[in-house]
Amino acid sequence: ARAAVTANVASDHHRAKLTIDYLDTDGTNISRQGSEEDGLENLTLSLSGRYTPTSNVALDYTLRQTDKTSAFDDIDFFITGLPVDADNETASDYFYGGVGISHDINDAIEHSLFFGRTDTSNRTRPANDKTAGVKDKWKYQLSYTAGAHRLSVIGERESESFRQRGTAQFFGDPNQNRDTETNSLASE
């Protein structure tokens, strides 16, 4: 079953779009033994738009939330190496939000600032394994145009964190924390 609804609204200074998308499937059985099907259920809500309070300023935004549950079989690693029926499932939450503002100072100079966040988490049952990650991104751009020439300078900062929790098994201990930061400066 699949259903989607989209609504748009617009005025002189603002336009926005809201979408709701739902998917539910019984799935299929890939195991050679048993008949249990592995389905999927997915709900995505998204909102995006642009607000222009003046002719030289614009605010763009996007919000998106996805909740998904997917069932899957196990693998018989030691005897056949093939899938076997199991009541395993992964529940996932995905969030993205971004907002950017741009400003044309005059006909030659424009600049913009953007911030975006991505936040994900997954829980797998029955093992109760968990992963989660967050990524933040800041970006500033300044551009100067003179005739056929254009100069742009961009500064960007990204920070990411990842967490994983689970039960140690034959393949190793999955528990870990990872963090990284990236700072960039570019001109063109």
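Which residue in β7 stands opposite Glu110?

Modeller: The residue opposite Glu110 is Ser143 in β7. The model is a predicted one, in which local features need pLDDT of at least 70 and side-chain atom pairs count only at pLDDT 80 or more, while totals for chains, interfaces and linings use all residues. Numbering starts from 1 along each chain as its sequence is written, and side-chain values rest on heavy atoms, with hydrogens and water left out.

The pairing to which you refer is that of β6 with strand β7 (residues 129–146), joined by 16 bridges and running antiparallel. Strands here are DSSP runs of E with at least two residues, numbered from the N terminus (helices being runs of H or I with at least four), and two strands pair if DSSP finds at least two bridges between them. The turn of the hairpin of β6 and β7 has three residues between the strands, and in that hairpin Asn128 takes a positive phi near 60°.

β6 also pairs with strand β5 (residues 83–104), to which 16 bridges join it, again in antiparallel fashion. In this pairing Tyr94 stands opposite Thr120 in β6, and the hairpin that joins β5 to β6 passes through four residues.

These strands belong to an open sheet of nine, in the order β1-β2-β3-β4-β5-β6-β7-β8-β9, with antiparallel pairing. At the edges stand β1 (2–10) and β9 (176–187); each has a single partner strand, so one side of each is left without a neighbour in the sheet.

Zero of its nine residues are buried, so β1 lies largely in the open; buried means under 20% relative accessible area, found with a 1.4 Å probe on protein chains only. β1 is joined to β2 by nine bridges, and the two run antiparallel, with Asn8 opposite Lys17 in β2. Between these two strands, which form a hairpin, are three residues. β2 (residues 14–28) is in turn linked by 13 bridges to the antiparallel strand β3 (residues 38–54), and there Leu18 stands opposite Leu47 in β3.

β4 supplies the largest share, four residues.

For the chain as a whole, the secondary structure comes to zero helices and nine strands. The radius of gyration is 23 Å, well over the 16 Å that the globule rule gives for 188 residues, so the chain is more spread out than a compact globule. That radius is taken over C-alpha atoms, and the rule is 2.2 Å times the number of residues to the power 0.38. Along the principal axes, the C-alpha atoms fill a box of roughly 70 × 40 × 25 Å. Of the 188 residues, 18% count as buried.

Conventions. Buried means under 20% relative accessible area, exposed over 50%, partly exposed in between (1.4 Å probe, protein chains only).
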